[in-house]
Amino acid sequence: MGTAERREAPEESESERSAARRRRQAPDRDIPAHEEAGATFGGQQELWHRPLWVEEPARRRRMPDPVRTAAVRAVLIISVTLIQAMVAFLCTLAGSWPAFPMVISSVVSTVVATWAVVDVWVTRQVWNQRHGVVSEPSSTARSLRRERRAHRRQERAAQREQERIRRRGGTGQLSHP
């Protein structure tokens, strides 16, 4: 807008023009728009602010606690191993005296880091075995759950039978327990 156009333009502040421009722009597709952004309620003007983030449901379920603990432990051990290996490499290049002990400790740390990764894998397998894997029809946990459900069903049926006998006053029984 040039100087001549500004002189002829109606008295409108820059903030009013930018607010009008914002209203014309399309809102984000994933954030619901409110029509009454500056509506007045009870004599006060309520300003609607767009949230900083919108929570979305997780795509994958959260890892079980023992598996997550083992994974965090493995990541920490691996990071320490990488730092040790880098220090050993730099000490070797510099010809410093801690080079040999650092190389030995890096080898030991590599073995420990490998064990930590295997521990995560084993912990995950044990968790799946104990608590069930929905996608595998031969899951041990599934058959255990099926047996527990059948047992509970039998217990409930026995309790219902006892209640029914008590309600009838014991009629139909040859002897009372």
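This is a predicted model: local features need pLDDT of at least 70, side-chain atom pairs count only at pLDDT 80 or more; totals for chains, interfaces and linings use all residues.
## Salt bridges overall

The structure holds five salt bridges. Three of them are described below, among them Arg68 with Asp65, Arg73 with Asp119 and Glu161 with Arg164.

## Within helix 3

Arg68 pairs with Asp65 in a salt bridge. Their closest N and O atoms are 2.5 Å apart. Both residues belong to helix 3, which spans residues 65-94. They sit three residues apart, and so about one helical turn separates them.

Arg68 is partly exposed at 25%. Asp65 is also partly exposed, with a relative accessibility of 45%.

## Between helices 3 and 4

Arg73 and Asp119 form a salt bridge through their side chains, with an N to O distance of 2.9 Å. Arg73 lies in helix 3, whereas Asp119 lies in helix 4, residues 99-131. The pair therefore ties together parts that are 46 residues apart in sequence.

Arg73 is partly exposed, with 36% relative accessibility. Asp119 has a relative accessible area of 18%. It counts as buried because the cut-off is under 20%.

## Within helix 5

Glu161 and Arg164 meet in a salt bridge, N to O at 2.3 Å. Helix 5 covers residues 140-168 and holds both side chains' residues. The spacing is three residues, about one turn of the helix.

Glu161 has a relative accessible area of 34%. For Arg164, the relative accessibility is 31%.

Some salt bridges share partners. Arg62, Asp65 and Arg68 are joined into one network in this way. The bridge between Arg68 and Asp65 involves two of these residues.

## A positive patch

Which residues form the positive surface patch? They are Arg145, Arg146, Arg148, Arg149, Arg152, Arg153, Arg156 and Arg160.

Arg160 is one member of the patch, and its place is in helix 5. Arg160 has a relative accessibility of 54%. It counts as exposed because that class begins over 50%. Patch residues need over 30% relative accessible area and no salt bridge, so Arg160, at 54%, clears the area cut-off.

Note on methods:
Residues are numbered from 1 along each chain as its sequence is written. Side-chain values use heavy atoms; hydrogens and water are left out. A salt bridge is a side-chain nitrogen of Lys or Arg within 4 Å of a carboxyl oxygen of Asp or Glu. Helices (H or I, at least four residues) and strands (E, at least two) are DSSP runs, numbered from the N terminus. Buried means under 20% relative accessible area, exposed over 50%, partly exposed in between (1.4 Å probe, protein chains only). Patches are made of residues with over 30% relative accessible area and no salt bridge: like charges are joined within 9 Å, nonpolar side chains (Val, Leu, Ile, Met, Phe, Trp, Tyr) within 5 Å. Accessible areas come from the Shrake-Rupley method with a 1.4 Å probe; for residues, only the protein chains shown count as cover. Lys and Arg count as positive and Asp and Glu as negative; His and the chain ends are not counted. The place of a charge is taken as NZ of Lys, CZ of Arg, CG of Asp or CD of Glu.
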